[in-house]
Amino acid sequence: MMLSLSRDTMLSRMQAADPAYDGRFITGVLSTGIYCLPSCRARKPLPHNVEFFDSPNTAQAAGLRPCLRCRPDDFYAGIYAEEERLSRVTSLDTNTIRNVEALAQRSGIPPKQLCELLRRGLHLTPVDWLNRQRIAQAKSLLLISNEPVVQIASRVGFESLSAFNEQFRRLCAMTPTMFKHLRTSAQFELLLPLDYPVRAMLHDLGRDPQSTTCRVVGTVCCVGLRLSSGAMAVSIEFTEGRAMVLANRSADPLELHTALLRLLGLHSSPANFISMARERPEFSRLIQGREGLRVPLTATLFDGVIWSILGQQISFKAACTLRRRLYEQVGELVAPDLYAPLTPESLLRLIPADLVRLDLTKARANTLVHLAQLIQSGVLNLEELARGPVSRMVRTLLGLPGIGVWSSQYILLRVFGVQDALPVGDSALATALQQFYRLEERPDSEQVTQLMSVFQPYRSLATFHLWHGLNHPSSQENG
């Protein structure tokens, strides 16, 4: 794989400490006599002191020794020490952990190292991770327990009811009391953040006017969903500061709520990205008029995988056409002309030859069928993979047949909701960067990587802003 990469690309990925390139090449530092993974966080060498190798063996043959920090030999042997360390942290019971200092003490990892471990592994700060764990437990308790909200807040680790209410609304777009009522009603409201750009988000949801799974008319969005209990249709009407949700049948409230947060981009907040952009005047025009823009995720993980395969090296319009044909062939109707997301089982009603007749290339057809087989058999567990860490996501995706750098990064961005994904090779992103920086020519993949490096660790949201800028150069998207 190293042979397909230029020296400039490898230098740039080494400088960025990019874990997506671990396993693709080895960095040899001639001045110190060591070799490292591209993701190594040690001080970066001068370019003229660097030589690249295709494996630890060739680096050793050149007289170099392995880095004790990134441990490249462990990586190539399938031993992922940092992931195991992260797993020990994420398996802790957070109910009795009141703050980051307590988390560091319980995990046995110094606070600074803990911060870096969670940032690299999950793209979250320790505070964010703790809050998400607590709120996830609270959601389950609110649906099954008759305890007062204040007791639940205390049980999951919050020291004050006000802090619990604030974090719950931020992460769930509802108050705890509203969420508690989900168990008795198929109709409910989501409280939109004050900066939520309704028009921009509706534009993204309705970007395919002929979509088989999502239709937008005015301020109403109708979507097909698939939960563990089956397929369903949901109507979402946007009013002042609220999204009114009506499902056409009963469903597990926790699943339905999670699916809607994904679909509307309410699973995460853009606050940190906005703060960064405001500190750098040159980026202010990137977010102007749509500061609250969020990245909507695909309705299901498998549907996102389908998008990532169909969208390889073709236009968005062409990918939409292929997807419509696929859904019309084996999809499940939940309303007139509205389908629920496909399952691996439904896709496997077709063989590669059937997909080729829908105008998929033979390679894409084989990839889709093979991935559906892996998921159906349990060999590939998307739900487990989505929990992280990011390094395992990248390694697993790149190890799948037919999944390259663009597809893997697209899945990280639009399916798993990773904050710092970069779909290198994306034509629309390159065009958007050319317009944003007023370049004479459209940047190539290496230049895209360089230009986007300033947005780390929020390249997912920066990418989404740039995509939106192509269709809305005036940036006036609040509605």
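Where is the place of T300? I looked it up in this predicted model, and T300 is in the loop between α14 (284-287) and α15.

**Entry: T300**

Next I asked myself: is T300 buried or exposed? T300 comes out at 16% relative accessibility, so I put it down as buried, because buried means under 20%.

Then I checked what the side chain of T300 reaches, and found the backbone nitrogen of D303 at 3.1 Å.

**Entry: empty space**

Rolling a probe the size of a water molecule over the atoms shows where empty space is left. I went through the whole structure for cavities of 30 Å³ or more, and the search gave me one. I noted a volume of about 280 Å³ for the largest cavity. Its lining has 22 residues, and R207, T213, C214, W307 and R323 are the closest to the centre.

**Entry: who lines it**

Which helix gives the most to the lining of the largest cavity? I found that it's α16, with three residues. At least two lining residues each come from α11 (198-205), β7 (220-227), α15 (301-310), α16 (316-330) and α22 (405-414).

Last, I sorted the lining of the largest cavity by class: 12 residues are nonpolar, four are polar and six are charged.

Conventions
Residues numbered from 1 in each chain as written. Predicted model: local features only at pLDDT ≥ 70, side-chain atom pairs only at ≥ 80, totals over all residues. Heavy atoms only, no water. 1 Å grid on protein atoms, 1.4 Å probe; cavity = no way out; pocket = protein on both sides within 12 Å on 5 of 7 lines; lining within 4 Å. Points joined across faces, edges and corners; volume = space filled by probe spheres on them. Helix = DSSP H or I, 4+ residues; strand = E, 2+ residues; numbered from the N terminus. Nonpolar A, V, L, I, M, F, W, Y, C, P; charged D, E, K, R; others polar. Buried < 20%, exposed > 50% of the residue type's maximum accessible area, 1.4 Å probe, protein only. Polar contact = N/O pair within 3.5 Å; in protein donor to acceptor, adjacent residues only side chain to side chain.
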